[in-house]
Amino acid sequence: MIAADTRISEGYSILSSNFSKTTQLTDKCAITSSGMVADMETLHKLLITKIKVYKREHRREMTTESIAQLLSVTLYGRRFMPYYSFNLLCGLTMEG
């Protein structure tokens, strides 16, 4: 279970109050983020795309550990122009 707020704000103005910051990546893994909305959406879409490519090439789902490594490598690869998002990756491991 992941809980996240649904507000988008700029300063003291609330731009939206029903925006989901959580994305289901696989059956056993989900990510939730905070920070800049455009960077969050871009990161989530990039992760979903890379997970789909992996599934097509290897004919199996990525594990939570593999997705954590993918997230780490993706964020480190953008260290000079980083995604302004703070992420929480949640999922079940092989041991449960």
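**Chatting through the fold**

Q: How much accessible surface does the protein have, and what share belongs to carbon and sulfur atoms?
A: About 7,000 Å² of accessible surface, with carbon and sulfur atoms taking 56% of that. Keep in mind that this is a predicted model.

Q: OK, and how many of the residues are buried?
A: The protein has 96 residues, and 28% of them are buried.

Q: What's the secondary structure like?
A: There are five strands and two helices. Starting at the N terminus, the order is β-β-β-β-α-α-β.

Q: What does the C-alpha trace span along its principal axes?
A: Roughly speaking, about 45 × 35 × 20 Å.

Q: How much of the contact list comes from residues 24 or more positions apart?
A: Taking contacts with a separation of 6 or more, 54% are between residues 24 or more positions apart.

Q: Let's go inside. Which residues make up the largest nonpolar core?
A: That core has 12 residues: Leu25, Cys29, Ile31, Leu43, Leu47, Ile51, Tyr54, Met62, Ile67, Leu70, Leu71 and Tyr83.

Q: Which element gives the most to this core?
A: Helix H1, with four residues. At least two residues each come from strand E4 (29-35), helix H1 (37-58) and helix H2 (64-77).

Q: Pick one, say Leu47. What does Leu47 touch?
A: Leaving out residues up to four places away in sequence, Leu47 touches Leu25, Ile31, Leu70, Leu71 and Thr74.

Q: Switching to charges: how many positive and negative side chains are there?
A: There are 12 positive and 9 negative ones, and the centres of the two sets are 5 Å apart.

Q: How many salt bridges does that give?
A: The count is two salt bridges. One joins the side chains of Asp5 and Lys21, at 3.2 Å from N to O.

Q: What does the Asp5 and Lys21 pair tie together?
A: Asp5 is in the segment before strand E1 (8-10), while Lys21 is in the loop between strand E2 (13-16) and strand E3 (22-24), so the pair links parts 16 residues apart in sequence.

Q: Is Lys21 buried or exposed?
A: Lys21 is buried, at a relative accessible area of 10%. Asp5, on the other hand, is partly exposed at 46%.

Q: Which side chains meet in the salt bridge at 3.0 Å?
A: Those of Glu61 and Lys55, with the distance taken N to O. Glu61 is partly exposed, with a relative accessible area of 31%, and Lys55 is also partly exposed, at 42%.

Definitions and conventions: Residues numbered from 1 in each chain as written. Predicted model: local features only at pLDDT ≥ 70, side-chain atom pairs only at ≥ 80, totals over all residues. Heavy atoms only, no water. Buried < 20%, exposed > 50% of the residue type's maximum accessible area, 1.4 Å probe, protein only. Contact = heavy atoms within 4.5 Å. Areas by Shrake-Rupley, 256 points an atom, 1.4 Å probe, with all protein chains shown as cover. Lys, Arg positive; Asp, Glu negative; His and termini not counted. Charge placed at Lys NZ, Arg CZ, Asp CG, Glu CD. Salt bridge = Lys/Arg side-chain N within 4 Å of Asp/Glu carboxyl O. Core = buried A, V, L, I, M, F, W, Y, C linked by side-chain atoms within 4.5 Å.
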